[in-house]
Amino acid sequence: MYIDNEVPLAASFPLPFRVLFLVGLGVLGWATNLHGLQLLGIDGPGALEFQASSHLPLRSPSSSGHFSARSFYSPLYRIFAGYTSWCFAAWLLFRAATQSDTDLVDLFRYVPAVCMLGVVTALMCPYDIFHKRERDWFLSTATRCLFSGFDSSVYFSDIVFADVLTSFAKVLGDMWLSLCMLLPGGSLLQLPSQDGWYQWILPSLMSLPYLIRLRQCLIEYYAPTNSSRRSLFNAIKYASSFPVIFLSAAQRIVISDLEQTHRTQQGWHGEHPLFRLWLMSVVVNSSYSFWWDLTNDWGLDLLATSSTRPREGSPRSRKSNTISSSRSHESISSPDQTSSSFDTPGRRDTLYPYGLRAVLLYPLPAYPMVIFLNFILRMTWSIKLSSHLYSQSDGSALIFWLEMAEVLRRWIWVFLRIEWEVVRRGRDKAGAIGDGIPSDDIELFQAHIR
């Protein structure tokens, strides 16, 4: 049951509308990712291998031979505009009908139900209306991530898609709660009962994105052409999320034991071994994920070990090859384009900043700010995967703000992840053609180029 000071939020902005808001925020974030990459001089669709991974008809390439990024993000903006108009109109109708009166909230809960049904219908509509190409791309990507065979290719776009989905793990759980609230017998003012085997549905849904990424890592690891253990260590990272999620769901046992032990007063959770095990899993998952973001997903040297950092003895290992992001008229996408930056005259006399890397495609001040923000939000996100912490306060504004903060973190993460993929492909290409870059300087994972 919601506590008193949280009822106004549950009445004025109930959970189903919050879920719809976060989904819309994700659509806008993805559109601005592609748009921002183009403005920064990086061909996002080319780096994401949209041409290779999609079986759908693509738009005509630009005069330069590359598919125009505008043809990908412009429809997303229009989808966001239509989606937002529909959801905002439904929310205004709900607000006008209820006026935040808790006695009327459940009477008009059919409004968010119709709104969500309309969104699902538009997504699944088989007719060529409302940007069917983009909707089909989303559905085909989700299907490929869920059901592709172990002998299939894992495209970079699928990896980014699944990683973005992990940031919406809590939203997936909220979708289930919203469905229960909108069904007969439910209420928008309190959480549905999660007794018996129902208590495991929520953590199972929240763990689904991590299971998808775990599966992708194992496919990469067991690929015949793979000779690296990086995918195995990446799989361990995603597997470390499962103890956080399921030990949180098991905290009902902790509460029950404490109630039996402390009959006259409430005991502290830290007294129970199960709680300590959950807390330890949170620390491990958060720390490992943060290290992996910096070292492997972004290719930064700040926390790199001796096995992944370029050798100090290499004359090139500490040379800067910073590419100015102001070259927005040039689109860096192919290995040939990026590898050429390693041999640009006059760029090898400057040491690159400590903890970063030799090739930087974005303005230098952005990197320390992004690292700090990623650290703060990584530490909170693993805790927020724990359903028992919000089981009594799902209407909390703090939880909602943390969900939005995680969407923001993932939005920033996408920029650096795609940047590093472009840089790494250029480095691999330069090393492969004997351009003077030692093979030890090449990152320890394979390109997803088919």
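Residues are numbered from 1 along each chain as its sequence is written, and side-chain values use heavy atoms, with hydrogens and water left out.

I begin with confidence. The pLDDT, the predictor's confidence in each residue on a scale from 0 to 100, averages 80 over the protein, and 72% of the residues score at least 70. Helices here are DSSP runs of H or I with at least four residues, numbered from the N terminus. Over residues 310-320 the pLDDT is below 50, yet this stretch has 29 contacts in the model beyond near neighbours in sequence, a contact being heavy atoms within 4.5 Å. Residues 324-330 also have pLDDT below 50, with eleven such contacts. Where pLDDT is low, the predicted coordinates should not be read in detail.

I turn now to the surface. Leu146, Phe147, Leu208 and Leu211 form a nonpolar patch with about 390 Å² of accessible area together. Accessible areas come from the Shrake-Rupley method with a 1.4 Å probe, and for residues only the protein chains shown count as cover. Helices α8 (132-147) and α11 (201-221) each supply at least two residues of this patch. Phe147 lies in α8 and counts as exposed because its relative accessibility is 64%. The terms are as follows: buried is under 20% relative accessible area, exposed is over 50%, and partly exposed is in between.

What of the cysteines? Cys125 is buried at 16%, and Cys180 is buried at 17%. With a disulfide taken as a pair of cysteine sulfur atoms within 2.5 Å, the count comes to zero.

Next, the backbone. Glu49, in the loop between α3 (44-47) and α4 (50-53), has a positive phi near 60 degrees without being a glycine, and Glu49 is buried at 7%. Gln99, in the loop between α5 (70-98) and α6 (102-105), has a positive phi of about 55 degrees and is likewise not a glycine. Gln99, however, is exposed at 59%.

Finally, why is helix α13 (residues 241-249) described as largely enclosed by the rest of the structure? The description applies because seven of its nine residues are buried; among them are Phe242, Val244, Ile245 and Leu247.

Conventions. Patches are made of residues with over 30% relative accessible area and no salt bridge: like charges are joined within 9 Å, nonpolar side chains (Val, Leu, Ile, Met, Phe, Trp, Tyr) within 5 Å. A salt bridge is a side-chain nitrogen of Lys or Arg within 4 Å of a carboxyl oxygen of Asp or Glu. Buried means under 20% relative accessible area, exposed over 50%, partly exposed in between (1.4 Å probe, protein chains only).
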